[in-house]
Structure formats: C-alpha cells, structure tokens
Amino acid sequence: MTQNRQWVITANPQGLVKESDFEWRQTPVPSPGENQVLVRNIYLSLDPANRVWMNGAETYMPALHLNQVMWGGTLGVVEESRHSGFQPGDLVQGRGGWQDYALSDGSDLSKLPAQRQVPLTAFFGLFGHIGLTAYFGLLDIGKPKPGDTLVVSAAAGAVGSLTGQIGKIKDCRVVGLAGSEEKCRWITEELGFDAAINYKTESVRDALQHHCPKGIDIYFDNVGGRILEIALGLINVHARIPVCGAISQYNATAPVPGPANLSVLITKRARMEGFVVVDYLHRSREAIPDLSKWYAEGRLRYRVDVVKGLENTPSAINKLFDGSNQGKLIVQISGEP
Ligand code: NDP
C-alpha cells in the first residue's frame, strides 16, 4: 500500500457519531525518521471513551482537537524501523489511531509476545485494558467478599462480562443487567451469572429487588443514569460502587440530572469511587497471572466483535451505544502477518 487512509475528526459530534463528523483522507505512507518506526495497524480498539474524547474537552487525556487523526488504541506490526528497540515484524500495541499506518518514536509502543496461546485480539480484551479494568475496578475498589451480592450493568459487554465472572470466582452472588434476551442467556447459561435482568423489558427496580434479596453490596456501574439511581436505592451498609463508566450519558445533548438519592451514601456509609484503567497499567503484572490462570481453567470467557474495514469505523462505534456489539468491539484494518 502506498496510501495511508485516515479518518480525521472535523466536528464534535452532537448525539450519536456521524460519518460527516470525520473526513476521509488519503496521504502517502510516511517514512520513519531517525529513532522512529512505521507501524501498520492491524486492529483498532473502539471504546465508549472514544465518544467522550470526541467532545474536545480535557479528560484523563488532553483535549482532542479537530483536524487530527482520530485517536484509538491499536495492535500492529512494525514495517520499517530506524529505532534500536524495534525490528520489522515485531507485533506492537500502541495508539496508532484511525488510520492504516502510524509513525512512532516507540514511547507509546509495547511489544507483544511472538509466541501466543491466545488470538491477537485478546490483547485488547482479556489481557489488555478491558481485563485490567474489570480486575482492578472490582478487586481494588469493589473489594468483593464471599457471599456479597454484586450487580453489574452492561453485563454482557467487554468489561461487564469479565467483571461478573471475576465476581463469581470471588464467590459473590452476581446479577447482571443487559439489553437483550440473548445477552441475558449468555451471561447466565455460559458465564455462570446467578441472574440476569433485561433492563429494556423488565422493571429494573422490581427485578433487582427479586434477585438481590439481601440487598446490593457492590454495584459495578458501567452506565450511570436511571440504573445507577435504582441500584443506589438498594445498597447495603458499607456498599462499594466502582464507577467505571456512564455510557447512558455519552451521547447526551443536554446536561443529565444526577441521581436524586445520593444522600443514601451517607446513611449507608457507602463508598462510590471513580477510576480510570490507565492508572493501573503499571500494575498489570499483578493481574495478568490471575487472568491467565482463570482463562486456562475455563473460568473466564470473552467474545470479540470484529468489524472489517477502516472505512466502516465511524458507523461501527455506534454499536456500543445501540447495544449491537457482541463483546469487545474491534475494527480490523489489515491482515495479521
Ligand atoms: P461494552 O462492550 O460493554 O459495550 C457497551 C454496552 O453498553 C453496549 O453493548 C450496551 O449493552 C450497553 N449500553 C449502551 N447504552 C446503554 C444505556 N443507555 N444504558 C445501559 N446500557 C447501555 O463496552 P466496554 O466494555 O468497552 O465499556 C463498558 C463501560 O466501561 C463503558 O461505560 C466504558 O466507558 C467503561 N470503561 C471504563 C474504563 C475505565 O478505565 N474506567 C475502561 C474501559 C471501559 P446492552 O445491549 O446491554 O444495552
């Protein structure tokens, strides 16, 4: 390939992402300068946080400005290297963005093992930021104890499905909320959740009361909004609420009201704590042995949803918001070596 195809963000989306919020550009494939490598992107991770970055405000990341290649985590292969630490053919994880090729000085790249027991895409999921989010969010902030009742929202998604399974490994009663019958079946029949609630068709309050007869000790919040408020109404004394995400609000076009019952945190002496996985990356060596062991024992399962073609990226990201993704959402940009 001689052209580098790129999606450049040209407008801050209002509501769901539209293709017209981006420009499709083709520029010559760049050549690496001294101490640089040229990486061919193979897979692109699509994450709900990408939508938050698109608003152009500073978050845990600096502000994403218009007219630059849209940011995104990537798995790729080094094609050319003028950097002593990388050879052509090295598989690397980095932040290559929504494009075919990216130049890097190596500081954002980590090498992936040449010999692997798992598919490459697992380095976005179970053995990547998704696995670390579930692991540290639940264990460090949720602090599960045997017999606790753990409720997980977006429970059939990438983070939620692992969180619930780790909760089972820690001997919790695990109740998941998901948006379809198929997802509810998958988490109970295949992943071992104790109960599932289809939040689109059931009364969430009634169903949570039914499935959590001893109240909620941990609510792992992936969605915010109405479900958070209902869960808060059912928490026990000393409950923990890891605030992982607020996906119900990421496309909001007007300010979203907060839960009306936050004062329950006082009466229940409960702890609600936000976290971002980047703060845990330096502790990945603690998590990976556990995740590997549980995976080898068949106690952790995951799904990946691979959309083919860089050109489909802007429409693909909306799968996260209409719930049509089946597991970790990934775009395949080019073939594996
Ligand atoms: P998922 O694979 O879980 O996909 C998103 C899912 O969210 C959809 O499949 C959909 O499932 C559900 N969803 C979408 N809109 C709503 C809504 N309005 N109400 C309830 N559920 C909704 O994505 P991830 O696992 O990548 O991310 C899950 C959450 O974790 C997000 O909030 C994300 O921002 C957060 N996250 C946080 C990190 C951190 O460091 N704090 C790191 C990674 C992710 P359904 O069909 O069930 O509706």
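1. Aromatic cluster. Y135, F136, F220, F275, Y280 and W294 come together as one aromatic cluster. Rings of Phe, Tyr and Trp (the six-membered ring of Trp) count as a pair if their centres lie within 6.5 Å; planes under 30 degrees apart are stacked, over 60 edge-to-face, and the rest tilted. The structure has 11 aromatic pairs.

2. Basis of the note. This is a predicted model: local features need pLDDT of at least 70, side-chain atom pairs count only at pLDDT 80 or more, and totals for chains, interfaces and linings use all residues. Residues are numbered from 1 along each chain as its sequence is written, and side-chain values use heavy atoms, with hydrogens and water left out.

3. W7 and F22. A pair of aromatic rings is described by the distance of the centres and the angle of the planes. The ring centres of W7 and F22 are 6.3 Å apart and the planes stand at 80°, so this pair is edge-to-face. W7 sits in strand β1 (residues 3-9) and F22 in strand β2 (residues 22-28), so the pair links distant parts of the chain, 15 residues apart. Strands (E, at least two residues) and helices (H or I, at least four) are DSSP runs, numbered from the N terminus. W7 counts as buried because its relative accessibility is 3%. F22 is also buried, at 7%. Buried means under 20% relative accessible area, exposed over 50%, and partly exposed in between (1.4 Å probe, protein chains only).

4. F22 and W98. F22 has a second ring partner. The centres of F22 and W98 are 5.1 Å apart and the planes are at 25°, so the pair is stacked. It links F22 in β2 to W98 in the loop between β6 (91-94) and β7 (101-104), 76 residues apart. Both F22 and W98 are buried.

5. The sheet. β2, β1 and β4 form an open sheet of 3 strands, in the order β2-β1-β4, with antiparallel pairing. β2 and β4 (68-69) are the edge strands, each with a single partner strand, so one side of each lacks a neighbour in the sheet. Two strands pair if DSSP finds at least two bridges between them. Between β1 and β4 there are 2 bridges. V8 has V69 in β4 as its bridge partner.

6. Helix α2. Why is α2 described as largely enclosed by the rest of the structure? Of the 14 residues of α2 (residues 129-142), 12 are buried, so the helix is largely enclosed. Among the buried residues are Y135 and F136, and these two also belong to the aromatic cluster. K143 follows α2 and has a positive phi, near 45°.

7. Charges over rings. K111 lies over the face of F86, 5.5 Å from the ring centre. R303 lies over the face of W186, at 3.8 Å from the ring centre. The criterion is NZ of Lys or CZ of Arg within 6 Å of the ring centre and within 35 degrees of the ring normal.

8. V304. V304 lies in strand β15 (residues 304-308). With 33% relative accessibility, V304 counts as partly exposed. V304 and P13 are 291 residues apart in sequence and 26 Å apart in space, C-alpha to C-alpha.

9. V278. V278 is in the loop between β14 (271-274) and α8 (284-296). V278 counts as partly exposed because its relative accessibility is 40%.
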